[in-house]
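Here's a quick briefing for anyone meeting this structure for the first time. Have a look at the sequence and the fold, then read on.

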Amino acid sequence: MKSQTIYLSFPPEARTHGVAVGKVLDSLEYAHVDGSSQSRSEADVCHVLVRIQTLASRHAHNMADDTHTFVSFYNRRGERRIVDVILEPGYVVWPESLPLPITYVDAVGQSYTDWVHDLEQALATGQVGNDVSDYGNDSDEYYEGDDDYDFDGYFEEDPE
């Protein structure tokens, strides 16, 4: 196992995707804590918060709680950061006032191999090749919960 421990956060509507990203973290040999099923006090031992970003994420109170808990331990743990994995087209990156750096991994439209490589790079270095400075838009529209986007393929290895 790698020395960093990951705190994994996702909206309840994206539980299957959170579990799948947990399996990706296992394959990359990262220990991880699932914020939705574990005590938030375990965030104290984690180095990186990985947030699964979908259209439902903006209104997921558990993700806001996970982020607040993780950031609250910042001064006690020193080197910490956040990695947002964007899984849904139309997700808008909103500015956040957090004392930690945020790295974005845009999995939308990428092959499994490519986005897993970007995730591994973000976890190892805090940086990734994707430039998301122009990602998203200025829309004030909010997710209403009726999006049926099909995630099939994001968690399947590329065919040989």
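How many bridges join S1 to S2? There are 4 of them, and the two strands run parallel. Keep in mind that this is a predicted model. The notes below go from the sheet to its helices, then on to charges and rings.

**The sheet**
- Five is the number to remember: the open sheet has 5 strands in the order S2-S1-S3-S4-S5, with parallel pairing.
- Strand S2 (31-34) and strand S5 (102-106) are the edge strands, so each pairs on one side only.
- On average, and ignoring direction, neighbouring strands here are turned by 25 degrees against each other.

**Threonine 5, a spot in S1**
- You'll find threonine 5 in strand S1 (residues 5-9), standing opposite alanine 31 in S2.
- Threonine 5 counts as buried because its relative accessibility is 18%, and the cut-off for buried is under 20%.
- Setting aside neighbours within four places in sequence, threonine 5 is in contact with several residues, among them Ala31, Val33, Val45 and Val48.

**Helices on the sheet**
- Helix H2 (residues 61-72) lies across S1, S3 and strand S4 (81-86), and H2 runs at about 165 degrees to S3.

**Salt bridges**
- Searching the whole structure turns up 3 salt bridges.
- In one of them, the side chains of aspartate 34 and arginine 15 meet at 3.3 Å, N to O. That pair links distant parts of the chain, with aspartate 34 in strand S2 and arginine 15 in helix H1, 19 residues apart.
- Aspartate 34 is buried at 14% relative accessible area, while arginine 15 is partly exposed at 40%.
- Aspartate 84 bridges to arginine 51, with their closest N and O atoms 2.7 Å apart. Here aspartate 84 sits in strand S4 and arginine 51 in strand S3, 33 residues apart.
- Both ends of that pair are buried: aspartate 84 at 1% relative accessibility, and arginine 51 at 4%.
- Arginine 51 also meets glutamate 96 in a salt bridge (2.6 Å, N to O). Glutamate 96 comes from the loop between S4 and S5, 45 residues apart from arginine 51.
- Shared partners join Arg51, Asp84 and Glu96 into one network.

**Rings**
- The count of aromatic pairs comes to 1: tyrosine 112 and tryptophan 115 sit edge-to-face, 6.1 Å centre to centre, with 80 degrees between the planes.
- Both residues lie in helix H4 (residues 112-125), 3 residues apart, or about one turn of the helix, and both are buried.
- Elsewhere, the charged end of arginine 80 sits over the ring of phenylalanine 70, 3.9 Å from its centre.

Terms used:
Residues are numbered from 1 along each chain as its sequence is written. This is a predicted model: local features need pLDDT of at least 70, side-chain atom pairs count only at pLDDT 80 or more; totals for chains, interfaces and linings use all residues. Side-chain values use heavy atoms; hydrogens and water are left out. Rings of Phe, Tyr and Trp (its six-membered ring) pair if their centres lie within 6.5 Å; planes under 30 degrees apart count as stacked, over 60 as edge-to-face and the rest as tilted. Buried means under 20% relative accessible area, exposed over 50%, partly exposed in between (1.4 Å probe, protein chains only). A charge sits over a ring if NZ of Lys or CZ of Arg is within 6 Å of the ring centre and within 35 degrees of the ring normal. Contact means heavy atoms within 4.5 Å. Axes are lines fitted to C-alpha atoms, for helices over the stretch in contact, and angles run from 0 to 180 degrees between N-to-C directions. A salt bridge is a side-chain nitrogen of Lys or Arg within 4 Å of a carboxyl oxygen of Asp or Glu.
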